[in-house]
Amino acid sequence: LTETTGKRIISRKTYAEHEGVPDEFEFTGKIIFEINDIMKRYREDLKALFSRGLFVELVFSKEDIKKIMYQICQSKEQKRITDYIVKKADALGDNFNLRTQSMCFKLYEAAKRDNRDWKKEIDLFLSTQISEPKKLLYQAAGEKPIKRMEFVRYLMLNKGWSYATAERKIRDWLVIGEIYSNGLKKQSLLSLKPFDSKSTN
């Protein structure tokens, strides 16, 4: 289907038998592939597709996403919900996207129907939309701080990472503010929330 020849003849050699589909036919249609993420294992296959057509990579900033979110809004209620989500944009990280907005619209309608507090329903949903580093730390320690070495062991056992990889990932997550450290070397603790100055002295 993706050949660039003048005529694309599709035959039994390239597809399984299906009722109502002839043994051979000319394909004259067009194909659009929408891809959210290019996984490593499919990269070479996708490169072949990109070379046969027009490849457009859409890159959006957080501000772009905010503008699109407000353009989507069709009512005062949807704008109010979007205002609520936008305030939590930093905490949502990669989950600050149009899917999250769409789900929040549905939660609002369900809460309204069931006479429930829509903000609480949305907060509950948003609390599950956390990044991979935060998920891993929560799985290892819950809301409590954890010794850095314990978290390293957890990552090695559950992710199959080497000691060096686990340590490098933790350093990266600390730098970008995904997780927090008490700043101590001998009794290093990690947490989902920043440590206050009293707890680090």
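**A pocket and what surrounds it**

Modeller: Start with the second largest pocket. Three helices, α4 (89–92), α6 (118–128) and α7 (132–141), each supply at least two residues of its lining. Helices here are DSSP runs of H or I with at least four residues, strands are runs of E with at least two, and both are numbered from the N terminus.

Keep in mind that this is a predicted model: local features need pLDDT of at least 70, side-chain atom pairs count only at pLDDT 80 or more, and totals for chains, interfaces and linings use all residues. Residues are numbered from 1 along each chain as its sequence is written, and side-chain values use heavy atoms, with hydrogens and water left out.

How is such a space found? Rolling a probe the size of a water molecule over the atoms shows where empty space is left. On a 1 Å grid over the protein atoms alone, a pocket is an open set of points where a 1.4 Å probe fits, with protein on both sides within 12 Å along at least five of seven lines; lining residues have an atom within 4 Å of a point. Grid points are joined across faces, edges and corners, and the volume is the space filled by probe spheres set on the points.

By that count, the second largest pocket holds about 520 Å³. Its lining has 18 residues, and Ala91, Leu126, Ser127, Ile130 and Lys134 lie nearest its centre. Sorted by class, seven are nonpolar, four polar and seven charged. Nonpolar means Ala, Val, Leu, Ile, Met, Phe, Trp, Tyr, Cys or Pro; charged means Asp, Glu, Lys or Arg; the others, Gly among them, are polar.

Leaving aside neighbours within four places in sequence, Leu126 is in contact (heavy atoms within 4.5 Å) with Lys88, Leu92, Thr100 and Cys104. Leu126 also belongs to the largest nonpolar core, which has 19 residues. A nonpolar core is a set of buried Ala, Val, Leu, Ile, Met, Phe, Trp, Tyr and Cys residues joined through side-chain atoms within 4.5 Å. Buried means under 20% relative accessible area, exposed over 50%, and partly exposed in between, with a 1.4 Å probe and protein chains only. Residues with the most contacts inside this core are Ile81, Ile85, Phe96, Cys104, Trp118, Ile122 and Leu126. Two or more core residues come from each of α2, α3 (76–87), α4, α5 and α6. The largest share, five residues, comes from α5.

Cys104 deserves a stop. Cys104 is buried, because its relative accessible area is 0%. The structure holds zero disulfides. A disulfide is a pair of cysteine sulfur atoms within 2.5 Å. The sulfur closest to that of Cys73 is in Cys104, 11 Å away, so the two are too far apart for a bond. Cys73 also counts as buried, because its relative accessibility is 16%.

Last, compare the largest pocket, with about 1,400 Å³ of space. It is lined by 37 residues, and Glu34, Ile35, Asn36, Val56 and Leu58 lie nearest its centre. Here α1 (43–50), α2 (62–72) and α5 (98–113) each supply at least two lining residues. The most, three residues, come from α2. By class, this lining has 18 nonpolar, nine polar and 10 charged residues.
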